Amino acid sequence: MMTLRPSLSNSCRQGGCTLTGALSATTHVRDAVTVVHGPKGCTHHNFSLFHATNLDNDELILPDMFSTGLTDTEIIFGGEETLRQTLDSVTRGGSAAVFVLSTCIVDTIGDDIHAVCDRDYGVPVIPIPTAGFLGGSFQDGLNNALCAIADKAGLFSRTEKEVVAFCPENCNGVNIIGEKNLEFEVEENYAEVTRLLDGLSIPVNSRFIRNSAVKDLFRIGTARLNILRDEELRPVGEFLKKKFGTPYIVSYPSGLEGTIQFIRNVADAFGIAGGHAVAREQEMQEEMLAGFSDISGAEILFETTPTRESRLYSDEIILHLGLRLGNRGCRVPLPFSPPVGSTGVRRLLHRWRCAIHG
Amino acid sequence: MAECNNPLWPCAMTGAASCLAGFEDITVVIHGSSGCYYYPTTLLHTPLRGTFIMENEVIFGSDERIREVMDGLAGAKNRVAIITTCVPAILGEDIQSMLASHDVILVDSPGFSGDVEIGYKKALEILAPEVNPETPGVNIDGVCLFDPFSRGNLLEVRRLLQLASVPVGTVFCADKLGGVKNAGAYTLGTNGNFASGVGESLGGMLGFGAIAETFAAIDRRFDEADVEPVLKEAGFEEERVVRACDKFLMKADPPTVAIFGGSSYAAFAAGTLRRYLDAEILCIGCRNEPAETSIPMKQVTGLNEVKDLIRLHDPDLVLGSSFEHSVARNRGFVALTPPIRENVRLAPRAIAGIAGTLFFVEDVLNECMDAKKKNAPKD
């Protein structure tokens, strides 16, 4: 739901802001801190939201955020000095890098964040434009953060040797770009993608950004292929292509045929034969579908109205299992984000079977 | 203001929303960005509306957008309250004039103006409560949607007033808007951090001592009141608390405790634990302005300060929110402060009233006994 773009046509919706999107990436650089330049409330709202989501996802790591704690005094007279003092303080705390995120009010009063961040603090200080409504949606915030961090990737390398070790000709891996860190099944989706890559003997070079360390961020430019989490990250894919020359695949594999096509696309990008991997996956899919033959022919009704994305994978499943759509059918879930890979479809079918037999 | 690591308390805008959304005949509109709307909506578990303004509205004004939202709400019987967030608050738009033809409640409560209590108070001031001497009964105060105990507190205090044959006046803030201008002359409190200041205060409902004093005051003001059943029940239940705690102390040392929360609940918790368990209160970290108590309180606004206090004092038991629980996994923990997560909480739990003290002591004893079992030598 967080990827919804703000709609002015209604006044009641669920969705995050640009700041939340950026924080979902920057707080996953575990040895960096994120400074939110604005009133304390903006940081509290996000800290609390991330805390709740992490608990729900069985992740006990707390995000590390600082607020510059602007009050009406700074709103009137400007908050740049407060930001500078905060950066002086947090950079003394031993963090490997600092990300500075703006808020609506700070962009409105016109603080020059870039000028403050340009000073020498002894560690990389990366400003990221995230001014709530001024910047756009959750997705825009995430995209801005990924591009800003990738743009400064050179700042994060430690030694010449490290850079050489990861230069493109020495790397055979892929980067995973823009994982949905607030997603409940984020690790399961990653595991499915790596399973498919293993079938082609292709390693993951970098997860950009999930449970990352600052010293690893420079590796973003050293992969042979970028795999985006979903199509909304296309601007990031384009940015990385322009900066590092890395081609990209627009999204994780979705649906049965989409998974097969994903394997083919990755194989093509690496210039290797993917026939065996495709055949193995097709065999696995056939066995999986045979395991759900008991629900073949059942009448179903979706719990939510299908979107263009959900239509693609659900139509395919309906066709393969001979299911029927009808108003008197059993209500089955239809996830907003398409199931990832063949195992994602399998998990969805288990849920459908429970609904049908229930 | 110094920087703050992982701030623990919501802003004034959320406070205003938690006041106004408590009135069933008010529709609350958050005038600001999607992010400002999203948090109070998820925190308060109540439907809110938003204007979701964007760059366009900041540059050219939000007049059109506000009218659009108001038109969308036309026909509903509820009165509309608009809460301005940080950016609209400094744009200088005359929203009241823009909406001259609408009967809206406008609350200017930007996040930079302070914490949740500030916004709550501001919103209540705008509603301008009035006492009507003809209104029977006692108002119930401090019922704030932000407080996870508020529903339980309300049910418990209603029960006790009914037991004493005293009608309930206006509930601040979980009532109908009409009640605000027709409040009773007397008020009792459930959470002092969200006091309305309406009517003559008869006292609080946190702890047996406060309950006895408050109902004694009710007895003096209301001829028709019969407070005896309440005092009898309180005496009976306090005796049970004393016995349970005494039994615990026969086998265990009193717990050492660190308390984090609003000053009102923190003071209650400290007093209760000292009185019945002879507990050693090592520190009280207040989310808001510290209260004057026999145990010094210190204002604590960020998670690093919480970590430092817990590390310094090394308590057996931590009372606080899920934030404290996250940084004190190897210690006993009792939920006292929002947000409370991890455990499923469906039934309304009180902290005020007789049941409130019972719930609280029950939680503490069970947690202390669990810790004792965990530390016992294993077979």
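Biologist: If two residues are in contact when their C-beta atoms, placed from the backbone, lie within 7 Å, how many residues of domain 2 of chain B are in contact with domain 3 of chain B?

Modeller: In domain 2 of chain B there are 21 such residues, and they meet 21 residues of domain 3 of chain B. This is a predicted model, in which local features need pLDDT of at least 70 and side-chain atom pairs count only at pLDDT 80 or more, while totals for chains, interfaces and linings use all residues. Residues are numbered from 1 along each chain as its sequence is written, and chains are lettered from A and ligands numbered from 1 in the order in which they are written.

Biologist: Into which domains is chain B divided?

Modeller: Chain B has domain 1 (12-127), domain 2 (138-233) and domain 3 (238-375), with bounds from an automatic or database domain assignment. The C-alpha centres of domain 2 and domain 3 of chain B are 24 Å apart.

Biologist: Which elements supply the side of domain 2 of chain B that touches domain 3 of chain B?

Modeller: α8 (150-163) and α9 (208-221) of chain B each supply at least two residues of that side. The largest share, 7 residues, comes from α8(B). Helices (H or I, at least four residues) and strands (E, at least two) are DSSP runs, numbered from the N terminus.

Biologist: How many helices and strands are there in chain B?

Modeller: Chain B has 14 helices and 14 strands. Its C-alpha trace spans about 70 × 55 × 35 Å along the principal axes. Of the contacts in chain B between residues at least 6 apart in sequence, 67% join residues at least 24 apart.

Biologist: What is the strand order in the open sheet of 5 strands?

Modeller: The order is β12-β11-β10-β13-β14 (chain B), and the pairing is parallel; two strands pair if DSSP finds at least two bridges between them. At the edges are β12 (297-299) and β14 (332-335) of chain B, each of which pairs on one side only. Neighbouring strands are turned by 20° against each other on average, direction ignored.

Biologist: How many bridges pair β10 with β11 of chain B?

Modeller: β10 (residues 256-261) and β11 (residues 280-286) of chain B pair in the parallel sense over 6 bridges. One bridge sets B:G261 against B:C286 in β11(B).

Biologist: Which strands does helix α12 of chain B touch?

Modeller: Helix α12 (residues 303-313) of chain B packs on the sheet and touches β10, β11 and β13 (317-320) of chain B, with its direction at about 170° to that of β11(B). Helix α14 (residues 353-375) of chain B lies across β13 and β14 of chain B, at about 160° to β14(B). Axes are lines fitted to C-alpha atoms, for helices over the stretch in contact, and angles run from 0 to 180 degrees between N-to-C directions.

Biologist: Changing topic: how many residues does the contact take from chain A and from chain B?

Modeller: Chain A gives 43 residues and chain B gives 44. On the chain A side, the elements that give two or more residues include α1 (18-26), α2 (40-56), β2 (65-67) and α4 (80-91) of chain A. The most, 12 residues, comes from α2(A).

Biologist: Which strand of chain B is joined to β2(A) by bridges?

Modeller: That strand is β1 (residues 4-5) of chain B; 2 bridges join it to β2(A), and the two run antiparallel. Within this pair, A:F66 stands opposite B:N5 in β1(B).

Biologist: Where are the cis peptide bonds?

Modeller: In chain A, a cis bond joins A:F208 and A:I209, with omega about 10°. A:I209 lies in the loop between β6 (204-208) and β7 (225-228) of chain A. In chain B, the bond from B:F172 to B:C173 is cis, with omega near 5°. B:C173 is in the loop between β7 (168-171) and β8 (186-189) of chain B.

Biologist: What is phi of A:S201, and what is phi of B:S165?

Modeller: Phi of A:S201 is near 55°, and B:S165 has a phi of about 60°. Both values are positive, although neither residue is a glycine. A:S201 is in the loop between α11 (186-198) and β6 of chain A, whereas B:S165 is in the loop between α8 and β7 of chain B.

Biologist: Why does B:S165 count as partly exposed?

Modeller: B:S165 counts as partly exposed because it has 13 C-beta neighbours inside 10 Å. A residue is buried if 20 or more other C-beta atoms lie within 10 Å of its own, exposed if 12 or fewer, and partly exposed in between, with C-beta atoms placed from the backbone. A:S201 is exposed, with 10 other C-beta atoms within 10 Å. Buried residues make up 56% of the 379 residues in chain B.
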